[in-house]
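The report that follows is meant for a reader meeting this structure for the opening time.

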Amino acid sequence: MSDKPESELRLDALYAALRNGAAIDREAAFDAAMAELACHPGQAWARELAEASVSEAGEARLASATRAFLDACGCVPGFDQEPELLGGLEAALDAVRADLRATGVAGQVSLVIGPDWFPTNVVVETWKGDHGWTSGIFPSDAADDLSALVAVAEQVREAVMESLNYQFMGKVWPACPAHGVATTPMARRGGGVWWCDSGGHVAAKIGHWAQGHTRHDEPSPQQLPLSRRVVSRHMRSGSSPRSRGARAWPLIRYASSSPAGA
Ligand SMILES: [Zn+2]
């Protein structure tokens with residue numbers, strides 16, 4: 001039994017009808033539009049959907065209006081609606097596993113759904129059961145290969161830092177080989193890279209970290225951004241503006257295979 005609000009269930013149903021090419025529930029479409037207009041009276045997409053849902057116009061207009069409305073509302077399908085999104089995350093994780101091996105981190109990592117602080121997302125779980133400190137990977141992050149790669153790399157970075165207890169030791173993973181400081185995953189020139197925060201350069205392409213630079217690189221505390229020094233689980237809040245309510249999923253391991261490590 002879902003504990004999602006009725007408004008979210010209605011949007012899910014509209015999305016599912018669109019995806020499956022099924023008839024759109026006109027009453028549900030009207031209700032969704034009116035709920036939006038109650039908050040944002042000038043929302044053109046909601047007005048169009050309301051009109052399309054009660055007009056004599058055909059299904060095509062209603063479908064078009066529904067799609068535009070869902071897009072305008074940022075209604076991105078969840079991992080439960082689009083489980084194939086998980087495949088892209090798995091491919092990304094395989095790439096990041098190569099960086100773990102290259103930097104001497106032997107522990108296993110896997111993807112899990114349903115961290116207790118943000119059950120709609122996916123996080124990386126380490127050999128010690130750590131999940132990082134942010135909200136995890138949103139379904140929208142998995143929409144394309146590059147954003148999936150960057151998002152997964154960030155989750156690996158956080159979870160590995162936790163399991164190595166690096167935040168409290170003044171260490172970072174993965175550390176820039178040239179400067180020994182923190183690197184951050186980001187999209188750059190069409191590819192995913194580990195970006196050296198202090199040096200302002202690409203430390204490595206994600207999935208292509210040079211062998212031999214181990215995790216034992218240690219910057220001075222002054223080189224660490226404040227956020228890396230004082231990170232705590234208190235940051236684990238489900239109040240992200242991107243949150244549209246919790247989904248009561250159990251913690252599901254859907255892919256736990258992992259290389260043996262370095
Ligand atoms: Zn650097």
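Leaving aside neighbours within four places in sequence, A46 is in contact with A33, E36, L37, H40 and F69, where two residues are in contact if their C-beta atoms, placed from the backbone, lie within 7 Å. The model is a predicted one, in which local features need pLDDT of at least 70 and side-chain atom pairs count only at pLDDT 80 or more, while totals for chains, interfaces and linings use all residues. Residues are numbered from 1 along each chain as its sequence is written.

A46 lies in helix α3, residues 44–54; helices (H or I, at least four residues) and strands (E, at least two) are DSSP runs, numbered from the N terminus. A46 counts as buried because 24 other C-beta atoms lie within 10 Å, the rule being that a residue is buried with 20 or more such atoms within 10 Å of its own C-beta, exposed with 12 or fewer, and partly exposed in between, with C-beta atoms placed from the backbone. C73, which is 27 residues from A46 in sequence, is 9.2 Å away in space, C-alpha to C-alpha.

Helix α3 packs against two other helices, as the table sets out.

| Pair | Angle between axes | Distance between axes |
|---|---|---|
| α2 (residues 26–39) and α3 | about 150° | 8 Å |
| α3 and α4 (residues 59–72) | about 155° | 9 Å |

Axes are lines fitted to C-alpha atoms, for helices over the stretch in contact, and angles run from 0 to 180 degrees between N-to-C directions. α3 is therefore roughly antiparallel to α4, and α2 and α3 are likewise roughly antiparallel to each other, given that angles under 35 degrees count as roughly parallel, over 145 as roughly antiparallel, 65 to 115 as roughly perpendicular and the rest as oblique. α2 passes α3 in a left-handed crossing, and the crossing of α3 and α4 is left-handed as well; a crossing is left-handed if the near helix is turned anticlockwise from the far one by less than a right angle, and right-handed if clockwise.

On the α4 side, W45, A46, E48, L49, A52 and S53 of α3 meet R61, L62, A65, T66, A68, F69 and A72 of α4. This contact of α3 with α4 divides into nine nonpolar, two polar and two charged residues, where Ala, Val, Leu, Ile, Met, Phe, Trp, Tyr, Cys and Pro count as nonpolar, Asp, Glu, Lys and Arg as charged, and the others, Gly among them, as polar.

The largest nonpolar core has 42 residues, of which L89, V96, I137, V152 and V156 touch the most other members; such a core is a set of buried Ala, Val, Leu, Ile, Met, Phe, Trp, Tyr and Cys residues joined through C-beta atoms within 7 Å. Helix α6 gives the most to this core, with ten residues. A second, separate core of 13 residues includes L14, A33, L49 and A50.

V152 touches L89, A92, L93, V96, V124 and I137, not counting residues up to four places away in sequence. V122, in strand β2, counts as buried because it has 28 C-beta neighbours inside 10 Å, and the C-alpha atoms of V122 and V152, 30 residues apart along the chain, are separated by 9.1 Å.

Over the whole chain there are seven helices and six strands, and 34% of the 262 residues count as buried.
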